[in-house]
Amino acid sequence: MEECVSEHILVTGGAGFIGTHLCAALLERGAHVTAVDSLTAGRLPALGRLRQHKRFRLIEHDITVPLDWESPVSAVVHLASPIGPAHVRDHPVRTLMAGSVGTVNALEIARRHRSRIVVMSSAEVYGDPLVQPQVETYSGNVDPTGPMSGYQEAKRFLEAMTMAYRREYDVNTGIIRPFNVYGPGMLASDRRVVAAFIAAALAGQELVVNGPHAVRSLCYIDDFVKGLIAMMESDAAGPINLGAPEGTAIGYLAELVVSTVGTGTVRVGQSPETGGAARCPDIGLARGTLGWEPSTPLDDGIRATADSMRAMLESRATVTFDVPSAWMALIPDGFELECRADSVRTALKWLTDGCPALAPRILSPAGELVPWTNVYLARDNIRHLDGLDTVLTGDVILTALPALAGG
Ligand SMILES: NC(=O)c1ccc[n+]([C@@H]2O[C@H](COP(=O)([O-])OP(=O)(O)OC[C@H]3O[C@@H](n4cnc5c(N)ncnc54)[C@H](O)[C@@H]3O)[C@@H](O)[C@H]2O)c1
């Protein structure tokens, strides 16, 4: 790739799945990169490697709060958002805030520094499409109050506000509509379909397929990042679809995962989680404007993703919490207390995010409820560790003391 030492790129959501791959690609071509991330989803194994790079900086910050950013920046890429049906249904308010207030704050940085900004919308703006494949001029079939409306309307607002900044303030904006992106670095705890299937297969469990004929467009991460960088380097306004033009049936994906991993079984179930409408992009605009199209075959991509997840599971640091049995009763299907995080702080955030039933039960030492975003155990309450920023390199045990266990 071309060397561009003077570039400084700000990536909101830079600790996430797409963000860590994008940051790595930008560093490789000589750019300075600052990731701004609240670490609510975390993607820490890859982030740990990025943090060793001298041109990389991480700012832990919630982008729904304005960022005091003074250094010149050549481009902003706005990725920060909750994602995945399960997370979006659990946290629609946070999702709408990231897409609305968070987008305005990212756009303001680009406006102040006269820089290019590329924002990440989603194929979800098409809702349950009545047109196949979806071309960018199709305005979608969206329910503004449905279960996914928190995400869909966040992305529609993001697009509208981005176009407003372009028209009214002459900001050099670009909008991407990604379809499903997958690849190495996805966590087993990620509840999106590819990661969920691979995690289940690696654990020798059932892959529950809801709507085996439902179709998804699955784009390998390396292909996707090339399209994202091409968009960053262009002046195109978009929106531009980025995705695999040929759809993959969910039933076929499940079979492919089982045969690639070598364990697991496929069962057709009823939950809506992986069902839904067929989504397939028309990528004519990406081909014509950016000279982009994906090239990684699905079976190669699934193999690389499964290998990476297996390696992560084998080398993980296990954080075990001693959870009172009263809490366990609140959790319907049992609860695996595990995460892959590079610090105690992130592990705690992951825990409360991954199992919201726990969050309202956590009390401060003064006995007051602590909102999930602020859940930090006090230093004295952590055994066998020195503090919240302690790096987790092996198996460790944390004990949540009774004083913090809540009623
Ligand atoms: N991966 C896909 O298949 C896909 C498809 C369509 C759209 N997208 C969009 O691409 C972007 C990145 O997706 P991803 O797959 O990397 O998701 P991800 O969850 O792995 O990464 C998102 C990151 O944003 C951070 N974040 C969330 N809210 C934040 C906030 N308020 N302030 C700062 N950081 C915050 C999270 O901590 C996380 O690190 C998202 O905007 C998503 O909607 C992704």
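1. The ligand has 28 residues around it, with Gly 13, Gly 16, Phe 17, Ile 18 and Ala 80 the closest (a residue is near a molecule if its C-beta atom, placed from the backbone, lies within 6 Å of it). Helix 1 (17-28), helix 4 (92-113) and strand 7 (180-182) are the elements giving two or more residues to this shell. Helix 1 supplies the largest share, three residues.

2. Bear in mind that this is a predicted model: local features need pLDDT of at least 70, side-chain atom pairs count only at pLDDT 80 or more, and totals for chains, interfaces and linings use all residues. Residue numbers start from 1 along each chain as its sequence is written.

3. Sorted by class, the shell around the ligand has 14 nonpolar, 11 polar and three charged residues. Here Ala, Val, Leu, Ile, Met, Phe, Trp, Tyr, Cys and Pro are nonpolar, Asp, Glu, Lys and Arg are charged, and the others, Gly among them, are polar.

4. Among contacts in the protein chain with a separation of 6 or more, 77% join residues 24 or more positions apart (contact: C-beta atoms, placed from the backbone, within 7 Å).

How values were computed:
Helix = DSSP H or I, 4+ residues; strand = E, 2+ residues; numbered from the N terminus. Contact = placed C-beta atoms within 7 Å.
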